[in-house]
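The questions below concern charged side chains and how they pair. Please look at the sequence and the model before reading on.

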Amino acid sequence: MKLRLESFGELRLIDLAGQPVAFPEKGLLAICYLLDRYLQNRAGSEYPRSALARFLWDSHDNPDIMANLRKTISRIQARQTELGTELLIFTATGVRIKPDAFVCDLFELAKPDGGGALENLRRLVAVLRQDFLAVLADQSVSTRQWIAGQRDRHMAILVDALKTALPTARSREDISLIKEAALRIFRDAPDDENIRRILLEAYESEGQLENARRLFEASRHGLESALDIGLDVQALREVRKVFAGSQSPPSVMEPLSDGGSRVARPLPRLVLLPPGGMDAAGALPMLCGPLIEDVTIGLCALNTVSVVAPHTAARIACHADKAELILRHSISYVLDTRLTDHALFVQLIHASGDEVIWAERFSLEKYDLISHRRDIARRIARELAGQVHRHETMRHSFEGNSAAYHSYLLGLRDVKRLSLPDIRRSRKAFREALQHSAHFAPALSGLSRTFVVEWLLTARGDRELLGLAEDYANRAIVADPSLAAGFRELGVAKLYLGDIDESLLALKLAEELSPHYADGIASYADTLVHASRPADALIKIDRAISLNPLSPTDYLWTAAGANFALGHYTEALEQISAMDDRTPADRLSAACWAMLGDMKNARLYMRKVRAIYPDFDVDKWLSVVPFKEQWQKEQYREALRRAGF
């Protein structure tokens with residue numbers, strides 16, 4: 001008997017006659033969880049019993065989770081024997097599903113788009129009318145976090161399907177389908193401007209603009225009541241436009257349709273540090289403190305970010321160990337500010353990863369700071385709010401699993417050190433993150449990067465490494481198409497696979513997704529070097545360095561490569577000398593010294609390369625390093641030959 005599992009709305013098992021079939025709820029939840037793993041990455045292998053127990057019952061709340069699991073398994077096995085079918089197979093240490101033993105509405109989300117964009121959208125709308133697992137009697141924290149993540153992913157799938165189907169909608173029936181899909185998304189994200197526009201056009205085409213007005217008015221009243229707007233109303237409205245999803249006030253618990261509750265995500269904490277030197281003479285230093293306070297007040301009115309009060313922010317800014325205070329107060333984001341000549345430089349840093357995610361210089365020359373202080377504050381607040389929201393959207397996809405996040409941060413730390421032991425240690429950490437969260441896009445993109453860096457460091461032309469890099473980059477994009485890092489790593493992998501045009505396209509997409517993503521822009525610059533456009537590459541790498549002034553080694557390596565291609569050998573050596581670890585650039589150093597005629601230094605660096613890579617061969621290396629134009633390859637070949645390779 002082939003049963004049907006329904007997971008949208010009420011979780012239940014249905015027989016061929018359409019009648020409910022009794023089955024332990026924890027068993028049905030386990031099937032959904034394991035089926036999702038199977039559909040996402042074909043992870044049909046055995047899943048550890050201990051991991052399943054932690055998912056179903058949180059160990060810190062219930063120390064007897066393994067005993068609970070054994071009782072549940074006993075009930076499931078007894079019921080499966082009565083039904084004469086196996087949905088779950090248990091071994092002494094693990095469990096796996098039999099996906100061919102039942103049908104499930106989750107299969108609909110994994111179907112290929114064979115019937116066209118509109119048919120695909122119609123199928124998704126039918127499945128997603130109700131929330132995934134809307135009614136569950138008992139949930140652990142892990143379960144709630146997983147369900148919330150699944151719902152976010154389902155909405156992302158629906159949004160993508162709607163975007164794809166929109167250009168092909170022609171008939172009245174098509175427009176009605178578009179409207180139904182947009183209304184479903186609007187239910188979860190009523191402040192999304194794109195969805196509002198789609199709904200407005202759909203209602204207009206049906207002659208129902210008044211219905212659209214009433215819908216938006218009701219949504220607006222809901223938002224107004226959810227936000228405290230007693231301060232600067234106009235500034236708040238401008239900032240709120242870039243903060244999607246401000247539907248409900250922050251709370252520890254969010255109600256569910258069955259009367260239960262779901263733990264809300266903690267709000268990210270943001271501190272805005274005033275610029276130093278504010279005791280200096282002049283109007284600008286005197287008014288910059290109030291300017292930062294204006295920005296802080298504007299952001300305090302939002303319910304999507306928790307802002308540290310200006311007094312505490314000023315204390316942190318003056319403290320000798322800022323990092324310790326930031327860690328102690330669980331601060332997620334730091335806006336560091338510096339006052340320069342008639343300009344305010346601001347830099348937004350994600351504290352956990354010490355990652356610069358946005359930087360901008362606001363010229364104060366065109367303003368009378370006293371009369372226009374609030375206008376400047378609005379502009380900074382609007383930009384800042386958007387950047388935090390975009391970064392949080394990515395971060396929420398994995399921070400529900402603290403173990404995955406911890407391993408990811410370890411991998412992120414080690415991947416920046418360009419040595420084989422560090423790269424392999426980084427790879428191990430990223431793989432550990434994926435064991436905790438198989439669809440964690442940042443770890444997938446990080447894993448892709450480790451294979452590219454190993455390919456560069458070993459200089460053996462091993463295409464298997466590049467194939468793995470491309471595969472993991474594609475998996476990162478599938479896991480989260482809004483994440484620029486996936487496109488960045490795909491672009492880098494495509495570069496060394498010789499697909500320079502595809503590399504440029506992927507890196508352009510990365511830059512469009514995240515215009516202030518310094519690492520992505522640096523990789524774009526590197527590809528421009530290989531595309532025989534070194535002058536353009538220098539412009540890009542200068543932009544990346546301006547966003548990330550204390551630049552990592554690979555930025556300087558790229559800048560050196562661009563200068564080498566332009567024949568600026570002294571400038572290239574200056575860039576290399578600024579690297580914390582110059583070993584990865586020893587080949588380039590040897591080439592630069594050789595082209596400058598300094599054979600003593602050229603031979604010195606040649607010997608250093610030989611000591612690490614005794615089998616390095618110039619022709620073999622240049623046969624696999626992509627350069628769009630032959631002159632660039634010949635320039636490098638001549639330089640390395642002169643150096644004694």
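A residue counts as buried when its relative accessible area is under 20%, as exposed when it is over 50%, and as partly exposed in between. The model discussed here is predicted.

Q: Is Lys494 buried or exposed?
A: Lys494 meets Asp499 in a salt bridge, with 3.8 Å from N to O, and Asp499 is partly exposed at a relative accessible area of 29%. For Lys494 the relative accessible area is 12%, and because the cut-off for burial is under 20%, Lys494 is buried.

Q: How many residues apart in sequence are the parts that Arg153 and Asp36 tie together?
A: The closest N and O atoms of Arg153 and Asp36 are 3.1 Å apart, and the two residues form a salt bridge. Arg153 belongs to helix H6 (residues 141-165) and Asp36 to helix H1 (residues 25-41), so the parts tied together by this pair are separated in sequence by 117 residues.

Q: Which helix holds Asp554, the residue linked to Arg449?
A: Arg449, which counts as buried at 16% relative accessibility, forms a salt bridge with Asp554 at 3.3 Å, N to O. Arg449 lies in helix H17 (residues 441-458), and its partner, 105 residues apart, lies in helix H23 (residues 553-565).

Q: Which residues are linked with Arg449 and Asp554 in a network of salt bridges?
A: The structure holds 28 salt bridges, one of which joins Arg449 and Asp554. These two residues also belong to a network of salt bridges, where they are linked with Arg488 and Glu489.

Technical notes. Residues are numbered from 1 along each chain as its sequence is written. This is a predicted model: local features need pLDDT of at least 70, side-chain atom pairs count only at pLDDT 80 or more; totals for chains, interfaces and linings use all residues. Side-chain values use heavy atoms; hydrogens and water are left out. A salt bridge is a side-chain nitrogen of Lys or Arg within 4 Å of a carboxyl oxygen of Asp or Glu. Helices (H or I, at least four residues) and strands (E, at least two) are DSSP runs, numbered from the N terminus. Buried means under 20% relative accessible area, exposed over 50%, partly exposed in between (1.4 Å probe, protein chains only).
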